[in-house]
Amino acid sequence: MGYRSFVAVGDSFTEGMNDPGTDGAFRGWADRVAERLAALDPEFRYANLAVRGKLIDQIIAEQLPRAIEMRPDLVSFCAGGNDLLRPGSDPDRMAKKIATAVRELRATGAEVLLFTGVDPRDTPIMRRARGTFAIFFMHLRSIADLHGCHLVDQWSMQGLRDWRAWSEDRLHMNEEGHRMVAAKVCEVLGIDADDDWRKTWPPLDRVDPAAKRREDIQWLREHFGPWVVRRIRGRSSGDGLDPKRPDLDLFR
């Protein structure tokens, strides 16, 4: 079907970190998909309500009512990544909240786009919670089936398991990663795309173990350490930030 309006809801993944845009804001997979939809319909409208660092409860409280009020043809809903990184996260409770939100969105007549996450097996810290991630993602698959939603399965995207698809913080995709996700979304929605999500990376040169350790130490100091401090202090990277596209307007 053709989509005349699209509202993106979520956290940093949907905001587009770390895919630089031309105006100082991040671009990201959602903007890239909006570009494709706008090319098909000059009257196409788009809003992106996502803000980095947001938890499921915050997204539901702050973004969901606005998305429902806009009554778009298509809503993307991706939440839970920040919750899963917190100690004691409960994927069953998280999934119930997502299911309730999806029911509300579907009741408006909107098509809903959901996402599983990437397999964390290659991430030293997150792979310890791989089972928790997998349970949550299976819940999302079930929710998509039960409520007739589109599903973007990032777990199957082997190209995203290569660090060349990620930025230096190892938590957010870079431009190439967002390109692959946008291509996958377009395929799921039945839209032609310029890129192919089935990316095969060229072989990597052998990495010196000492250099790898230095990179890991630098990452802990510059990225993971500050993230932990923010969590301890109850702060978020998105505190005080507004959505980059708060209104459902013609895409420019």
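Author: A salt bridge is counted when a side-chain nitrogen of Lys or Arg lies within 4 Å of a carboxyl oxygen of Asp or Glu. Side chains of opposite charge can pair when their charged atoms come close. Please bear in mind that this is a predicted model. In it, arginine 179 forms a salt bridge with glutamate 175, and the closest N and O atoms are 3.1 Å apart.

Reader: Where do arginine 179 and glutamate 175 lie?

Author: Both belong to helix α8, which covers residues 175-189. Four residues, about one turn of the helix, separate them. As for accessibility, buried means under 20% relative accessible area and exposed means over 50%, with partly exposed in between. Arginine 179, at 25% relative accessibility, is therefore partly exposed, and glutamate 175 counts as partly exposed at 35%.

Reader: How many salt bridges does the structure hold?

Author: The structure holds 20 salt bridges. One of them joins arginine 141 to aspartate 153, with 3.1 Å between the closest N and O atoms. Because arginine 141 lies in helix α7 and aspartate 153 in strand β5 (residues 150-153), this pair ties together parts that are twelve residues apart in sequence.

Reader: Is aspartate 153 buried or exposed?

Author: Aspartate 153 has a relative accessible area of 19%, so it is buried.

Reader: Which residue meets lysine 199 in a salt bridge?

Author: The side chain of glutamate 176 does so, at 3.6 Å from N to O. This pair links distant parts of the chain, for lysine 199 sits in the loop between α8 and α9 (209-232), whereas glutamate 176 is in helix α8, 23 residues apart. Lysine 199 has a relative accessible area of 28% and is partly exposed; glutamate 176, at 28% relative accessibility, also counts as partly exposed.

Reader: Which residues do salt bridges that share partners join into one network?

Author: The network consists of Asp19, Arg32, Glu175, Arg179 and Asp195. It thus includes Glu175 and Arg179, the pair in helix α8 with which we began.

Reader: Let us turn to helix packing. At what angle do helix α2 and α8 pack?

Author: In general, one reads the angle between the two axes, and angles under 35 degrees count as roughly parallel. Helix α2 (residues 28-40) and α8 pack at about 50°, and their axes are 8 Å apart. The two helices are therefore oblique to each other, and their crossing is right-handed. On the α2 side the contact is made by Gly28, Trp29, Arg32, Val33 and Arg36. Glu175, His178, Arg179, Val181, Ala182, Val185, Cys186 and Leu189 contribute from α8. These residues divide into seven nonpolar, two polar and four charged.

Reader: How do the axes of helix α6 and helix α7 cross?

Author: The axes of α6 (residues 91-107) and α7 (residues 130-147) come within 10 Å and cross at roughly 25°. That angle makes α6 roughly parallel to α7. The crossing of α6 and α7 is right-handed. Among the residues of α6 in the contact are Met94, Ile98 and Val102, while those of α7 include Ile135, Phe136 and Leu140. The residues of this contact comprise ten nonpolar, three polar and three charged.

Note on methods. Residues are numbered from 1 along each chain as its sequence is written. This is a predicted model: local features need pLDDT of at least 70, side-chain atom pairs count only at pLDDT 80 or more; totals for chains, interfaces and linings use all residues. Side-chain values use heavy atoms; hydrogens and water are left out. Axes are lines fitted to C-alpha atoms, for helices over the stretch in contact, and angles run from 0 to 180 degrees between N-to-C directions. Angles under 35 degrees count as roughly parallel, over 145 as roughly antiparallel, 65 to 115 as roughly perpendicular and the rest as oblique. A crossing is left-handed if the near helix is turned anticlockwise from the far one by less than a right angle, and right-handed if clockwise. Contact means heavy atoms within 4.5 Å. Ala, Val, Leu, Ile, Met, Phe, Trp, Tyr, Cys and Pro count as nonpolar, Asp, Glu, Lys and Arg as charged, and the others, Gly among them, as polar. Buried means under 20% relative accessible area, exposed over 50%, partly exposed in between (1.4 Å probe, protein chains only).
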